[in-house]
Structures are given as structure tokens and as C-alpha cells.
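Please read it alongside the sequence and the model shown here.

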Amino acid sequence: MKQEIPYKIYLEEQEMPKQWYNVRADMKKKPSPLLNPATLNPITLKELSGIFCEELARQELDDSTPYFDIPDEIRDFYRMYRPSPLVRAYCLEKKLDTPAHIYYKFEGNNTSGSHKLNSAIAQAYYAKKQGLKGVTTETGAGQWGTALSMACSYFDLDCQVYMVKCSYEQKPFRREVMRTYGAKVTPSPSMHTEVGRQINAEFPGTTGSLGCAISEAVEAAMTQEGYRYVLGSVLSQVLLHQSIIGLETKTALEKYGIKADMIIGCAGGGSNLGGLISPFAGDMLRGKADYEIIAVEPASCPSLTRGVYAYDFCDTGKVCPLSKMYTLGSSFIPSANHAGGLRYHGMSATVSELYDQGLLTARSVEQTEVFKAAETFARVEGILPAPESSHAIKVAIDEAVKCKETGEVKNIVFGLTGTGYFDMMAYQKYNDGQMSDYVPSDEELKTAFAKLPRTKE
Ligand SMILES: *Cc1c(COP(=O)(O)O)cnc(C)c1O
């Protein structure tokens, strides 16, 4: 086989981006502003700086600066695991017998096992620079908490993680990785916070939810001197940091003169997808190029494909700013899908707006077929993918199979966000043939939509 394009396209260290790209700067119609939950007016920098570090609050509100310098301290950390490889999936192509060329950007090559470290290190850096003692956060499946504990230990910051109780119990190894990096991990809902005590009183024996853990982490940050809250997805600042994924991908493709036809990513809160597509969407917004972009979400938590575009709370406790996004309603409790990182009721405001403008499409897939795709991928490409990432694999495979039928030679690029070593309970269910698919009914969704907050827009 003649192989002009290597299995792995590695960039040189000096080719790693020196700036993050803010796609909002190139959007004519911008994402709607965050609202203060108390007044329902657009939130100010001063108000936002009470919750987030000041520099991060500034990044959050800035929808006009296209490029932000990546500080040297962050680049030094990135160098430990970046640039990440863009892999040509030759073995998968052969297995599928497809004329399509499949590429994946692999973000799982670090101890946290996912792309989340790209933003964790940035957020820890700005907290340290501001002279804070520490940060608080929530974690569901555990990837974000792990990434943040690594980042905090690097900058010698205290890290307090509220971990959704069912994950705390089901994923003891994730918990221990976090503790090894010095984080304090508390199962949520806990008795440490007012909101945790309220939820425990109202729902005795509850095993928690992401929205509830967010409320606890925010309260913990607000009630301790020298602490701020950090969040690993959904926010515009996170998309900004994750743009490094897309920038590297673009550089790697350009190095070999490859033009992507299709870009696919899984979407939970939208940060990896948003980061991967940002520079490509920027090209589209400037009329420079065209790509088919597909967001893939679980059928059990279909924010884009079945949600509504409206202002909603980002958390169950309704303490966070409101964001206009595709949402299932903050009262919607997703079923126990094994891709924990995709079980979020809302979606990044930027990804939502791009979707609304028709720059990307979305598909929902059921988990059994996702694990089937994960198995196919693992057996030929070697990497054991995270269940979240496997949503993108599923659609990439579907598209490659379509190319086989039509004979089209498309360049398909997808984001492989992480590895699945801590998801073996899910793989066990799949291997035992005991995995089930759950799709919420229209009635269920209607009930949650009815509870959406009323805003001026
Ligand atoms: C958290 C996570 C996701 C989903 O989060 P996004 O913000 O939508 O990117 C996807 N894949 C992995 C491996 C994750 O840890």
C-alpha cells in the first residue's frame, strides 16, 4: 500500500498554537449574553468575577477579540502531552472496506484521559495568577475532576471536587486518581453546603446529578475566602481553550494538503466539539471554505436534536447565570446513560447559536450501537475509546460506510476525546449483552420544557 500520509501526523513542538481562537469574534449574530439569575439582566464583568476568576470572566464575556495569547506557563504544561496526534485510521478504513479517508484527533494521551486538561490547566493558571487559594468544581463521570486536580497540583492550588454520588461510589478509581493529585473529593449531594442539605432533605437517598453538584460547588466557592468556581464544559471560555484541538487539527491537515469534507464530534456541553470545529467554522463564517459539521449526542439526552433554543439555568439549584442554549430544561434528569460526560441538559451557547444558524447538523445515537462502534474501533485501531468519544466514532463509521455505497472519497475527521479505562463497568454491561437503550418520551420532555424560566427574550 502506498502511504504518503503517515499513520500519525505529529506536529513539531514549535508548531503548537501560540494563541487560542475565539470563534464568536467572527460570528455576525453572536450568542446571546449570559443573564444574572437574580435580575435577568445581562451579567456584568463585576458580577461574573464574584463566581469566576477575573481573567476567565473577561474571556467569557469577550465576543469580539479573535485571538488570545496562550501564556508561556500554560504552553509549558501543554508540552507534556501536546501537540496531540492526528491519526489516519488506515486499519479502520480497511476493516470497513471504505474509499473514505478517516482521521481522528486523539486527546486521550494524558493521565486524565481526555481533552478536559486543555481547559483545566488554563483555569488553574488564571486562578493562581489572581492569588487565589483554591478552586471548587463538580464532576460527573470524573474526567473533569481528574483533569482539574492534575492542573491544581501543578500550580499548587487547593482543589475541592463535588462528585456526583453515584459516580463516587461506582468509580472509586477515578476518585483515587484525584486524591493522588491532592484534590479533596466530596460525594454530592453532601451535608457540607446549604443546597446539598436541602436536596438531601427533599430527596432522601438521592444519588445526585451534575446540576446538583454544580450548585454545591458554586456555593462552596462563594462561602470561602480566596476561592472561585471553575467549570469544565459549556462556557465560552472553555470553548476558547479547547480551540487548541481544532487549530492543531487544521495545521496537521494543511501540512499534507488534506481538505476535510466532514468534521464530527460528540457533544455533551459542547466544549470538545466547539474547540475542534472553531477554526473550521471560522472559515465558513468568513466565506473561505465549507465543511459538513456533525454533532453527535446520546438519544437519551438529545439537547440539540429534541431540545428547545431558550434561556435556561445551567444548574439544578439555579445559582449559575442563565444561558441561551439548546436545552432539555434544567429539571430534566437524563437516564443512566454510560457516557456520563454527555449527560447534560444544555449545550454551549456558541455551539447552540452556530447550530441555529445552520453551520452544523446534529444526530442522536443509542448507546448499544455506540458501544458496538467502540468495539469495532478498539479491535482495529488499538485505542480503547471513552463511551463519550464513541458517539463520534459511530457516526464516522456510518458515514464511511455510506461512502462505500456511493464510491465517494471523503475526508472524514472526528474527535477522539479520550480513553475508556475507567468505564469498564459499561463495557462489561455491553459485553454481557445487558445494555439497554432509553429514549425519553415527548411527554417527559414537555414536562421539563414547561419549567423553563421566563425571560425577556
Ligand atoms: C467530558 C467529556 C466529553 C463531553 O464534554 P464536551 O464538553 O461536550 O466536550 C466528551 N468526551 C470525553 C472523553 C469527556 O471526558
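Helix α12 is mostly covered, with 15 of its 15 residues buried. The description that follows concerns a predicted model, and its values are computed from the atoms of that model.

**Helix α12**

- Helix α12 spans residues 271-285 and carries a kink of about 50° at Ser278.
- The kink at Ser278 lies shortly before the proline Pro279.
- After α12 comes Gly287, which has a positive phi near 70°.

**The parallel sheet**

- An open sheet is built from four strands in the order β8-β7-β6-β9, with parallel pairing.
- The edges of the sheet are held by β8 (184-188) and β9 (227-229); each has a single partner strand, so one side of each lacks a neighbour in the sheet.
- On average, neighbouring strands of this sheet are turned by 25° against each other, direction ignored.
- Strand β6 (residues 134-139) pairs with strand β7 (residues 158-164) in the parallel sense, over six bridges.
- Two positions illustrate this pairing: Val135 stands opposite Cys159 in β7, and Thr139 has Met163 of β7 as its bridge partner.
- Strand β7 is mostly covered, as six of its seven residues are buried.

**Nonpolar cores**

- In soluble globular proteins, nonpolar side chains tend to be buried together.
- The largest nonpolar core in this model has 76 residues.
- The residues with the most contacts inside this core are Trp20, Ile74, Tyr78, Leu148, Ile263, Leu354 and Leu360.
- Helix α5 (residues 117-129) supplies the largest share of this core, eight residues.
- With residues up to four places away in sequence not counted, Leu148 touches Ala120, Val135, Thr137, Cys159 and Val230.
- Another core, of 27 residues, lies apart from the largest one and includes Val296, Ala373, Ala400 and Ile412.

- Glu353 is located in helix α14 (residues 349-356).
- Glu353 is buried, with a relative accessible area of 1%.
- Leaving aside neighbours within four places in sequence, Glu353 is in contact with Met27, Lys29, Lys30, Pro31 and Tyr309.

**Cis peptide bonds**

- The peptide bond from Arg82 to Pro83 is cis, with omega near -10°.
- Pro83 belongs to the loop between α3 (72-78) and β4 (86-88).
- Ser188 and Pro189 are likewise joined by a cis peptide bond, with omega about 5°.
- Pro189 is in the loop between β8 and α9 (194-202).

- Asp156 is not a glycine, yet its phi is positive, at about 55°.
- The location of Asp156 is the loop between α6 (143-154) and β7.
- Is Asp156 buried or exposed? Asp156 is exposed, its relative accessible area being 64%.
- Val234, also not a glycine, has a positive phi of about 65°.
- Val234 sits in the loop between β9 and α11 (236-255).
- Val234 is buried, with a relative accessible area of 10%, whereas Asp156 is exposed.

**Cysteines**

- A disulfide is a covalent bond between the sulfur atoms of two cysteines.
- How many disulfides does the structure hold? The structure holds zero disulfides.
- Cys53 is buried, at 1% relative accessible area.
- Cys320 is in no disulfide either, and the nearest cysteine sulfur, that of Cys314, is 5.9 Å away.
- Cys320 counts as buried, at 6% relative accessibility.

Note on methods
Residues are numbered from 1 along each chain as its sequence is written. This is a predicted model: local features need pLDDT of at least 70, side-chain atom pairs count only at pLDDT 80 or more; totals for chains, interfaces and linings use all residues. Side-chain values use heavy atoms; hydrogens and water are left out. A disulfide is a pair of cysteine sulfur atoms within 2.5 Å. Buried means under 20% relative accessible area, exposed over 50%, partly exposed in between (1.4 Å probe, protein chains only). Two strands pair if DSSP finds at least two bridges between them. Axes are lines fitted to C-alpha atoms, for helices over the stretch in contact, and angles run from 0 to 180 degrees between N-to-C directions. A nonpolar core is a set of buried Ala, Val, Leu, Ile, Met, Phe, Trp, Tyr and Cys residues joined through side-chain atoms within 4.5 Å. Contact means heavy atoms within 4.5 Å. The bend at a residue is the angle between axes fitted to the seven residues ending there and the seven starting there.
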